[in-house]
Amino acid sequence: MPASSAFIDNELSCDWNQFSSAIQTKELTAKQYKYPLKNKVFKNPEHYFIVSLLVSNILQIGNSSETIKHDPIQFLPRIKGDPNNRAHSLVISNLPEKLLVKQRKLLANCSEWEIFNESIYVNLIKSQR
Amino acid sequence: MQALIAEIFNYKIIYKQVQIAEIDRYQMFFNIYQCTETKQVAIVSEDESKLTQSRKNALIKLESNALLEELSHIEKAVENAKYILRLSDNWDDDGALKIPELIFNRAVDFLYLYSKRAFDVFNFVIRAPIIQPVKDGSIDLEWDTEKAFLLINFKNSQTPTAFYYGEFTTENNQKFDFNGEIPTDTVQDTFVSWLKNLS
């Protein structure tokens, strides 16, 4: 199960599977700049794994504050490091801290791995130790 | 000779006792105290009156920082999580904040405190949690078992409190949730007793 620490943002960026597969989502990270964007260094897609969540499960979490919004990214002309993404969507919530912990845990519990490689994960953690 | 922790302070002996002769016992004690990997500790004295207050305090500190062998899995989890202290700003390539040592220690002390209380008073052993950094500079302790789960988040703030959310499912498939805010510098026995659901 993914850790709750992955679900910290009040606006959680995600991709709608009507317009993107898990593999496409992973591959898109290779076109995104790392923070800070001014350094113009691309992310390494091997450092990212992909989970999926059912919208119905998100809406059943029970805080009644989650909304899901389709938020496609379309720049013309295109911006290097911030790729266009028709599938881009947001899970939005504005919860007090006390409820944020609940939301993070329940989001983690209802998510499933789509792409996960344990040996890469273990090596990444080991490299930090 | 007396085992000070056992007999003077009425605390449990932390590690196996060995007798040390012909040396400065207290100096040896302090050296061992600073070496957390050492699994054998000798704490011996002929007379309680020879102890200064600072030595007494040090012994108490030893008691509160060392764990019983039955809880060595907790120590191992903490050891494995120490990489968190070496993370710098932007460790997730998305602008994450460095985890302050204060917050890491707050989470670890809380874990030690509750593990020991659960074992000493409530007679059960807490499972080791997953210890994770969070991009806002806070720390998560997270447990998942078949019947229960719990997330405790230690905020990146000066206030020694944490927020938590947990659920427990009974054999009749009834779910009970458990959430709120808890001070991190004292033990709450109602919280300890709930942790039994994770054991």
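Two strands count as paired if DSSP finds at least two bridges between them. Helices (H or I, at least four residues) and strands (E, at least two) are DSSP runs, numbered from the N terminus. With that in hand, let's start walking.

This is a predicted model, in which local features need pLDDT of at least 70 and side-chain atom pairs count only at pLDDT 80 or more, while totals for chains, interfaces and linings use all residues. Residues are numbered from 1 along each chain as its sequence is written, and chains are lettered from A and ligands numbered from 1 in the order in which they are written.

**Stop 1: chain A as a whole**

Select chain A. You will find four helices and five strands, and from the N terminus on they run β-α-β-α-β-β-α-β-α. Along the principal axes, the C-alpha atoms of chain A fill a box of roughly 40 × 40 × 25 Å. The radius of gyration (taken over C-alpha atoms) is compared with a globule rule of 2.2 Å times the number of residues to the power 0.38. For 129 residues, a compact globule would have a value near 14 Å, and the 16 Å of chain A agrees.

Two residues are in contact if their C-beta atoms, placed from the backbone, lie within 7 Å. Of the contacts in chain A between residues at least 6 apart in sequence, 66% join residues at least 24 apart.

**Stop 2: the sheet of chain A**

Zoom in on strand 1 and strand 4 (residues 88-92) of chain A, whose antiparallel pairing covers five bridges. Click on A:Glu11, and look for A:Ile92 as its bridge partner in strand 4 of chain A.

**Stop 3: where the chains meet**

Show both chains. The contact takes 17 residues from chain A and 25 residues from chain B. On the side of chain A that touches chain B, helix 3 (residues 97-109) of chain A gives the most, with seven residues. Follow helix 3 of chain A across strand 5, strand 6 and strand 7 of chain B; the helix runs at about 45° to strand 6 of chain B.

**Stop 4: chain B and its sheet**

Select chain B, with six helices and seven strands. Five of the strands form an open, antiparallel sheet in the order 3-4-5-6-7. Strand 3 (130-133) and strand 7 of chain B are the edge strands, each pairing on one side only. Here the twist averages 15° from one strand to the next.

Strand 3 and strand 4 of chain B are joined antiparallel over four bridges, and B:Ile130 has B:Glu142 in strand 4 of chain B as its bridge partner.

A residue is buried if 20 or more other C-beta atoms, placed from the backbone, lie within 10 Å of its own, exposed if 12 or fewer, and partly exposed in between. How many of the nine residues of strand 7 (residues 175-183) of chain B are buried? The number is zero, so strand 7 of chain B lies largely in the open.

**Stop 5: the cores**

A nonpolar core is a set of buried Ala, Val, Leu, Ile, Met, Phe, Trp, Tyr and Cys residues joined through C-beta atoms within 7 Å. The largest has 31 residues, and B:Phe104, B:Leu111 and B:Tyr164 are among those with the most contacts inside it. Helix 5 (101-120) of chain B is one of the elements that supply at least two residues, and this helix gives the most to the core, with eight. Select B:Ile152 too: leaving aside neighbours within four places in sequence, B:Ile152 is in contact with B:Leu141, B:Ala162 and B:Tyr164. Apart from this core lies another, of eight residues, including A:Phe7, A:Val91 and A:Leu106.

**Last stop: B:Glu75**

Finish in helix 4 of chain B, where B:Glu75 is found. With 20 C-beta neighbours inside 10 Å, B:Glu75 counts as buried. Its C-alpha atom is separated by 9.3 Å from that of B:Val108, 33 residues apart along the chain.

Notes. Axes fitted to C-alpha atoms, helices over the stretch in contact; angles between N-to-C directions.
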